[in-house]
Amino acid sequence: MIRIQARTEPSSLMKVASPLLAITLTLIFGCILFSAIGKSPTQALHVLLIAPLADSYNIGEMFVKMGPLLLCAVGLSLCYRANMWNIGAEGQLLAGALGGSAVALYFIDSESSFALPMTLLAGIISGMLWAAMPTFLKLKYNSNLILTTIMFNYIALYLLIWAVHGPLRDPEGFGFPESALFSDNTLLPVLFESSRIHLGIVFALISGVIGWFILSKTHLGFQIRVFGADEPAARYAGFSGKKLSWLVMLFAGALAGLAGVSETTGPIGQLVPNVSPGYGYSAIIVAYLGRLHPLGAILAAVFMAVLYMGGDLAQIEMGIPVAVVSMFQGVLLFFLLACDFFINNRLAFTNQATN
Amino acid sequence: MDSDLIVQILFAAIKTGTPLLFIALGEVICEKSGTLNLGQEGMMLMGAVVGFLAAYGTGSAGLGVLAAMLMGALMSMIFAVLVLHLGANQVATGLALTIFGTGLSAFIGSGVVGQTIQGFQPIAIPFLSDIPFLGRILFNHDILVYFSFVMTFALIYIVNKTRIGLILKAVGENPHAANAIGIKVLRVRYLAVMFGGIMAGVSGAYMSLVYTPMWVENMTAGRGWIALALVVFASWRVGRIMLGAYLFGLASIMHLVLQGLGWSISPNLLAMLPYVATVIVMVIISADRFKEKLLAPRSLGKPFDPRNMA
C-alpha cells in the first residue's frame with residue numbers, strides 16, 4: 001500500500017529534482033496535447049526543444065529572449081525571498097522602456113558619448129520609480145502589494161500606448177503608433193556579427209551573478225533570507241523590514257527597467273506598443289523554477305527562452321497558436337508546485353500486513 | 001447633462017459592473033472560507049472562451065453560460081487540489097492558474113476570433129421597467145443582469161442568516177475550531193473554491209456573450225484582478241460588493257461621461273482610470289490596518305492540514 005508521509009526534514013534532493021521533474025512532465029503534457037490536436041509528438045518535441053538550439057542564429061535569438069527574462073527574474077527572486085510579492089516586473093519593464101525611449105529620442109540627433117549611458121540610466125530610474133510607488137503604498141498605507149503592482153502593470157501599458165500614439169510618435173511615421181528609429185548612438189552594441197546578441201544580455205548575466213553575491217555573500221542577503229524564512233525572528237534580530245523591502249523592490253525595479261530599455265535600444269531599436277510578450281509575468285515562473293536563486297534563474301531563463309523560441313517556431317512550422325507558450329508556462333508552474341509537495345512529504349510503501 | 005444621458009450612463013455602469021459583480025461574488029465566498037484564489041482572471045478568460053465556443057457551436061447563449069460555469073468549476077478544481085491537498089502556496093498557484101488560463105483561452109479560441117453571435121437580448125420586466133428613471137436603469141437588462149441581482153441577494157441571505165453561512169465563516173475565521181466541532185474544513189473550502197470558479201465562468205460568459213459579444217484574446221483586461229481589489233473594498237461584505245462593482249463600472253465608462261460634459265481626453269489615458277481608481281480605493285481602504293485586520297477572514301491565505309490536528 002502506498003501512503004503519503006510527512007518527511008521529518010525537507011528533502012534537499014527534491015528541491016533540485018522538482019524543477020527538472022516539472023519540466024519533464026510539462027514536455028509529456030505537450031506531447032499529449034500535440035497528439036490530441038493531430039500533430040506528431042516527436043515533431044512537437046523537436047520544434048519546442050531542439051530546433052531553438054539547432055543553429056547559431058536560433059541560439060542567438062534564444063539569448064535575446066533570455067536577457068529580459070533573466071533581468072526580471074533575478075530581481076523577483078530577491079523580492080520573493082523577502083516575502084515581497086512583486087507581480088509588477090511587467091509594468092516596471094514597460095516603464096523602463098518608456099522612460100529610456102523618451103531620453104533616446106531626445107538624443108536622436110546627438111553625437112554625445114553620454115547618449116547611451118543616459119538612456120540606460122533613464123530606463124533604470126523609470127523602472128525603479130514604477131517599483132517605488134507600490135512599495136510606498138504598501139509600507140505607508142498597508143495596501144496589498146500583489147494587487148497594486150498588477151494595477152501598475154496595466155497603468156504602465158496604457159501610458160506606453162498613449163505615448164506612442166501621442167508625444168513619442170514618429171512625426172514621419174505615417175501615423176503608425178511607433179516612435180522614430182533611435183540613432184545608432186543610443187543603440188546597444190551587438191556583440192557577435194550576424195546575430196542580435198547585444199550588450200543587454202551581458203547585463204543580464206552580470207545581474208544574476210550580482211544577485212547571487214548579494215544573497216549568498218553579504219550580510220544584506222543574510223537578512224533577506226532570514227526575513228523570508230522567519231519574519232518574527234528577523235525582527236527580533238533587529239533587521240529592518242522596511243529597509244529590506246525598499247532595497248529588494250528598488251533592485252527588482254532597476255533590473256526590470258534595464259530589461260525594458262535594453263529591449264527598445266537593443267533588438268527593437270524604437271518604442272513600439274508591444275515591447276514585451278509578457279516577459280515580466282514569465283519571469284515569475286523563471287524565478288520559481290530557479291528556486292528563487294539568482295544562479296538558478298540563469299538556467300531557468302534559458303529554458304523559458306527556449307520555450308518562447310519553440311512557441312514561435314511551432315507557429316511558423318506547425319501553425320500552432322503562439323499562445324501555447326503561456327499555457328505551457330502555467331502548466332509548468334502547476335507541475336512545479338505539485339512536485340514541491342514531495343520536498344516535505346514522501347510516498348511510503350508499507351506492507352498492509354504490518355498495519 | 002440631460003436626464004436621458006444620465007440614465008444611459010447609469011444603465012451602462014450596471015452593465016459594465018455586472019461581470020465584476022459576478023466574479024467578485026464568487027471570490028468573496030472563496031475568501032470567506034480562508035482561500036485566496038488569484039486565478040480569477042484565468043478562470044474568467046476560460047469562461048469567456050468556452051461560453052463563446054459553446055454558444056457559437058450550438059446557437060444557444062444559455063448553453064454557453066452553462067458551459068462557462070462548468071469550465072470555471074473545472075479550472076478552480078486545479079487550484080483546489082494544489083492548494084488544499086498538496087499545500088501549495090496560494091499566491092503562486094493562483095498566478096499559475098491565471099497564466100495557464102490566459103494561454104489556454106487564446107489557444108482554443110484562436111479559430112473564432114472576430115466571429116459574432118446572437119447574445120442575450122434585453123428583457124424589460126413588466127411594471128418595474130415602467131418606473132420613471134429607475135425602471136430604465138435597472139429593469140431593462142438581459143437575463144444575466146437579473147441573475148446577478150438574484151445571486152447578490154441570495155448570497156447576502158445565505159452568508160448572514162443561514163447555517164451554511166455560519167459554517168463558511170467558521171472555516172475562514174478559525175479552521176481548527178471548525179474542525180474540532182466536526183466541520184469538514186477542506187470540503188467546505190473545496191466547495192467555496194468551486195463556487196468561485198463557477199461565478200468566474202459566468203462572469204467570463206457575460207463578457208463574451210453579452211458585453212461585446214465576441215471573443216478576443218485577453219478580453220477581460222484585468223477584471224479578474226480588479227474583482228480581487230473589489231473584495232477588499234467591500235470589506236468582505238456581500239452587499240457592498242454590488243455597490244463597488246457598479247462604481248467600478250462607472251469608472252470604466254468615464255469616457256462616456258466626459259464626452260457628455262464635452263471634455264476631450266485621450267482614450268488611452270482614460271483607459272487607465274479603472275486601474276488608477278483601484279489603486280486609490282485600496283490605499284484608502286487598507287490604510288486603517290486595524291480595521292482591515294478586523295474585517296479580513298482570519299485564516300485567509302493560510303493552509304490547513306488536517307494531519308496536523310492532534
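Lys65(A) is buried, at 14% relative accessible area, where buried means under 20%, exposed over 50% and partly exposed in between, using a 1.4 Å probe and protein chains only. The model here is a predicted one, so a few ground rules apply: local features need pLDDT of at least 70, side-chain atom pairs count only at pLDDT 80 or more, and totals for chains, interfaces and linings use all residues. Residues are numbered from 1 along each chain as its sequence is written, chains are lettered from A and ligands numbered from 1 in the order in which they are written, and side-chain values use heavy atoms, leaving out hydrogens and water.

Back to that lysine. Lys65(A) forms a salt bridge with Asp312(A), with the closest N and O atoms 3.3 Å apart; the term covers a side-chain nitrogen of Lys or Arg within 4 Å of a carboxyl oxygen of Asp or Glu. This pair ties together distant parts of the chain, since Lys65(A) is in helix H3 of chain A and Asp312(A) is in helix H12 (residues 294-318) of chain A, 247 residues apart. Helices here are DSSP runs (H or I, at least four residues), strands are runs of E with at least two, and both are numbered from the N terminus. Asp312(A), at 29% relative accessibility, counts as partly exposed.

Glu61(A) and Arg196(A) meet through their side chains in a salt bridge, 2.8 Å from N to O. Again distant parts of the chain are linked: Glu61(A) is in helix H3 (residues 56-81) of chain A, and Arg196(A) is in the loop between H6 and helix H7 (199-217) of chain A, 135 residues away. Glu61(A) is buried at 8% relative accessibility, while Arg196(A) is partly exposed at 35%.

Further along, the side chains of Asp340(A) and Arg291(A) form a salt bridge at 2.8 Å, N to O. Asp340(A) is in helix H13 of chain A and Arg291(A) in the loop between H11 and H12 of chain A, 49 residues apart and in distant parts of the chain. Arg291(A) counts as partly exposed, with 24% relative accessibility. Over all chains, the search of the whole structure turns up five salt bridges.

What about the interface? Between chain A and chain B the rule finds zero salt bridges. There are four residue pairs in polar contact across it, both residues at pLDDT 80 or more; such a contact is a pair of N or O atoms within 3.5 Å, where within protein one must be able to donate a hydrogen and the other to accept it, and residues adjacent in sequence count only if both atoms are side-chain atoms. On the side of chain A that touches chain B, H6(A) gives the most, with 13 residues. By class, that side of chain A has 35 nonpolar, 10 polar and two charged residues. Nonpolar here takes in Ala, Val, Leu, Ile, Met, Phe, Trp, Tyr, Cys and Pro, charged takes in Asp, Glu, Lys and Arg, and the others, Gly among them, are polar.

In total, 47 residues of chain A are in contact with 44 residues of chain B, contact being heavy atoms within 4.5 Å. The area buried between the two chains is about 3800 Å², with carbon and sulfur atoms giving 80%; buried area is the accessible area (1.4 Å probe) that two parts lose on being put together, summed over both. In chain A, Met151(A), Tyr158(A) and Phe334(A) lose the most area to chain B, together 18% of what that side buries.
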